[in-house]
Amino acid sequence: MTPYSSEHLLHVLHAHQQRFHYISDQAICEIATRLHLPRAQVEAVTEFYAFFHRSPRGRFDILFSNCTSCGNLTLMQQLCDRLNVCMDQTSSDGLISISQTSCIGMCDHGASALINGLTVTSLSEQIIEEMGNLIESETPVSAWPTSWFQIGNNIRKEGLLLTEALEPGAALKAIAGRSSDEILNEITASGLKGRGGAGFSTGLKWKLCRDAASDSRYVVCNADEGEPGTFKDRILLNSHADTLFEGMTVCGKVIGASQGYLYLRGEYRYMLDALLTTLQNRREAGLLGNNVLGSGFDFDIAVVVGAGAYICGEESALIESIEEKPGIPRIRPPFPVTSGLWGKPTVVNNVETLVAAAGIVLHGHHWFETSGTWQSKGSKLLSVSGDCARAGIYEYPFGVTVAQILEDAGAEDVQAVQIGGPAGRLIGAESFTNHIAFEDIATGGSFMIFDTSRDLLAVIGNFTHFFDHESCGFCTPCRVGTTLLKNGLDKVCSGHGTAHDIDELQRTAALVSRRSHCGLGMTAPNPIRDGLKVFPQLFEARLLHQEMEPEFNLDASLEEARSLTNRDDAEAHL
Amino acid sequence: MKQLKKREVFTVSESSPKVRVATTSLAGCFGCHMSFLDMDERIVGLLEHVEFSRSPINDIKHCEPCDIGLIEGALCNADNVHVLKEFRDNCKIIIAVGACAINGGVPAMRNHFTLKECLEEAFLDEIGVDNPHIPNDVEIPLLLNKVHPIHEVVKVDYYLPGCPPPADAFVKILTDLLEGREPSLPKEMLHYD
């Protein structure tokens with residue numbers, strides 16, 4: 001197994017997209033033949049992922065983040081105007097295409113974008129102007145100022161995990177000679193729960209997987225950090241990759257797996273080379289591959305890179321994606337621990353969980369469980385962004401209050417905080433005394449601050465548009481419901497809403513969260529529901545005070561008929 | 001599909017001994033009205049409790065203040081919008097009847113094309129068209145760019161699904177309202193396969 005398979009469908013399509021700027025019908029046939037895959041599967045995958053296109057994109061393909069923290073669409077418009085192109089339309093000479101994309105995980109770096117898949121951060125009007133010049137002169141991206149592509153860690157506060165610089169192999173040496181049960185007991189005793197947001201006990205997950213009857217098992221690391229406002233895994237992948245791979249290897253040893261996968265989000269492709277180098281170094285040091293550290297245990301890790309699909313952060317969708325399919329969540333149960341990758345028992349853990357697991361087996365469970373609260377052991381990495389003086393990564397023991405974080409980040413006049421991303425919770429000042437913990441406010445790590453200068457309805461609108469865009473389209477409640485929520489909220493935001501529309505929003509929100517197939521749909525109405533609960537006055541202030549307002553402009557709807565019949569009489573208007 | 005939703009339960013007004021019902025077909029095929037009449041002799045019992053205002057059944061042209069308005073069909077032109085608004089202004093309860101009223105149905109199939117394409121196909125390009133021109137007499141209501149379900153323009157209180165809804169469903173929803181209950185259709189009446 002090569003660490004980055006050039007034969008994986010997602011990787012083949014990526015290479016093709018980079019070279020030819022789109023995936024033609026002919027290319028789909030050729031790729032299907034070459035990879036021995038059904039043509040329909042290649043086409044479905046091409047259509048599913050946002051970074052693959054069926055019509056030509058520009059030689060300079062620019063995707064501006066539309067996240068509330070790392071997006072700035074004014075700058076996007078500036079570049080469109082500068083180069084005289086419209087959003088989503090490739091220029092006729094094939095030079096440039098400009099579009100939006102969901103959060104690219106650069107929320108601590110200001111306005112950001114992807115240029116031919118590479119991340120540029122800290123955009124400003126001046127940089128956009130220079131970028132316009134470079135594009136016009138067709139200067140290849142490799143010759144652009146390297147300073148634009150610098151991505152720092154911005155670690156503001158270190159705790160258990162971040163102060164720790166694990167010597168490569170230290171955790172593996174610590175478990176040498178210990179049985180699977182002993183290691184599992186250590187993990188379970190530490191009280192470690194999944195860091196992706198759901199908070200399932202890691203020890204139990206590993207045990208269930210190990211005890212499931214099968215001839216082979218897999219370890220998968222979920223590095224598809226797509227929740228807007230989250231960028232903690234980026235820091236761990238950048239500076240703690242060795243520890244992460246160590247954690248995966250420990251898990252492999254415990255459950256009896258010989259192959260692990262790191263599923264890296266497409267937006268983090270810039271880290272791929274460094275990750276592959278780390279893997280190679282570990283292989284050469286005998287920490288991966290056949291007979292790890294002479295223990296007779298074989299384990300290797302491969303990297304699969306996604307292509308712009310938030311839904312692939314859902315574990316079963318992620319598994320489908322590794323299996324070269326569209327990232328549509330599976331029906332659960334069976335859960336991945338019994339039937340995961342290729343139907344085999346699979347542990348899917350978040351980056352932070354595996355890094356913590358490596359630390360726990362090295363230092364023992366006391367090291368971990370003395371931090372945090374009774375029900376939430378250890379520490380949590382928070383990605384703090386938005387309206388504050390010091391955006392970045394903060395590692396706190398569980399139990400820290402929201403107010404403390406706001407103070408440390410230098411946030412003033414705070415109106416609201418979105419915790420756990422759009423799928424999480426929106427809270428107002430009355431909840432700032434609450435704690436970050438599984439038993440109080442649980443979070444995958446996103447912490448977005450909005451001060452009183454923000455139009456909070458626009459923020460909620462941004463999140464609602466995000467879910468509409470990212471719904472995979474598999475189930476009707478989510479596919480149709482997220483669009484209805486978007487249209488309904490847009491109507492209210494634009495000042496055309498009535499009390500009836502609020503009722504409809506509430507009703508649709510309840511239906512979508514209750515009837516959707518997976519977590520995306522179940523959480524998609526959260527921004528609207530929290531908004532209506534915590535900030536009802538913001539909605540109320542925008543309402544028209546009448547019973548019902550049509551969903552579209554009736555008179556404008558007759559415009560085409562008027563022009564076709566040349567009529568403009570009284571009856572030709574509504 | 002939207003199901004019956006909870007609204008204020010209808011009660012018979014004291015001033016009028018009978019409950020007044022109006023019906024209309026907008027962009028529809030009158031199939032829902034035909035299905036309504038399929039209640040056969042049960043309509044005799046119904047008429048002991050209700051009287052009809054504007055309806056194709058009696059050819060009354062304008063809606064008087066009513067208790068219940070049954071709307072068949074989608075919105076495809078300006079006249080449909082005027083009629084619908086007249087119903088909303090005059091009826092305490094509006095019921096969207098059938099697939100077209102609820103989600104556009106067959107008339108909404110033209111939404112896949114522009115209005116220009118539709119009119120040119122019908123009045124200019126079709127084989128055998130005599131004196132090709134797009135009709136523009138002021139008596140003819142103008143078509144909307146797209147066909148819309150009625151809840152996009154007025155508040156709808158209840159939805160009676162089906163293409164058409166079976167006669168039993170009409171009897172059930174009217175009986176529930178007449179007896180002062182929140183209408184509820186059993187699953188058999190909502191199953192079409």
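Predicted model: local features only at pLDDT ≥ 70, side-chain atom pairs only at ≥ 80, totals over all residues.
Helix 17 runs over residues 456-470 of chain A. At 1.5 Å a residue, its 15 residues should span 21 Å, and the end C-alpha atoms are 21 Å apart, which agrees. The helix is mostly covered, with 11 of its 15 residues buried. Among the buried residues are A:Leu456, A:Leu457, A:Val459, A:Ile460, A:Phe463, A:Phe466 and A:Phe467. A:Asp468 and A:Glu470 are also buried.

Strand 8 of chain A, residues 300-305, is mostly covered: six of its six residues are buried. Both of its faces are covered. A:Asp300, A:Ala302 and A:Val304 are on one side, and A:Ile301, A:Val303 and A:Val305 are on the other.

Strand 7 of chain A, residues 259-264, pairs with strand 8 in the parallel sense over six bridges. In this pairing, A:Leu264 stands opposite A:Val305 of strand 8.

## A nonpolar surface patch

On the surface, A:Phe200, A:Leu204 and A:Leu208 form a nonpolar patch, with about 250 Å² of accessible area together. A:Leu204 belongs to helix 9 of chain A, residues 202-211. Its relative accessible area is 38%, so A:Leu204 counts as partly exposed.

## Salt bridges

Side chains of opposite charge can pair when their charged atoms come close. The structure holds 48 salt bridges over all chains. One of them joins A:Glu7 and A:Arg34, with the closest N and O atoms 3.4 Å apart. A:Glu7 lies in the segment before helix 1 of chain A and A:Arg34 in helix 2, so the pair ties together parts that are 27 residues apart in sequence. A:Glu7 is partly exposed at 41% relative accessibility, and A:Arg34 is partly exposed at 47%.

A:Lys232 forms a salt bridge with A:Asp233, and the closest N and O atoms are 2.7 Å apart. Both A:Lys232 and A:Asp233 are buried. In the salt bridge between A:Arg330 and A:Glu323, the closest N and O atoms are 2.9 Å apart. A:Arg330 is partly exposed, with a relative accessible area of 22%, whereas A:Glu323 is buried at 10%. A network of salt bridges links A:Asp25, A:Arg39, A:Glu43, A:Glu47 and A:Arg54.

Definitions and conventions. Residues numbered from 1 in each chain as written. Chains lettered and ligands numbered in written order. Heavy atoms only, no water. Helix = DSSP H or I, 4+ residues; strand = E, 2+ residues; numbered from the N terminus. Expected span 1.5 Å × (residues − 1). Buried < 20%, exposed > 50% of the residue type's maximum accessible area, 1.4 Å probe, protein only. Patch = residues over 30% accessible without salt bridge, like charges linked within 9 Å, V, L, I, M, F, W, Y side chains within 5 Å. Areas by Shrake-Rupley, 256 points an atom, 1.4 Å probe, with all protein chains shown as cover. Salt bridge = Lys/Arg side-chain N within 4 Å of Asp/Glu carboxyl O. Pairing = 2+ DSSP bridges.
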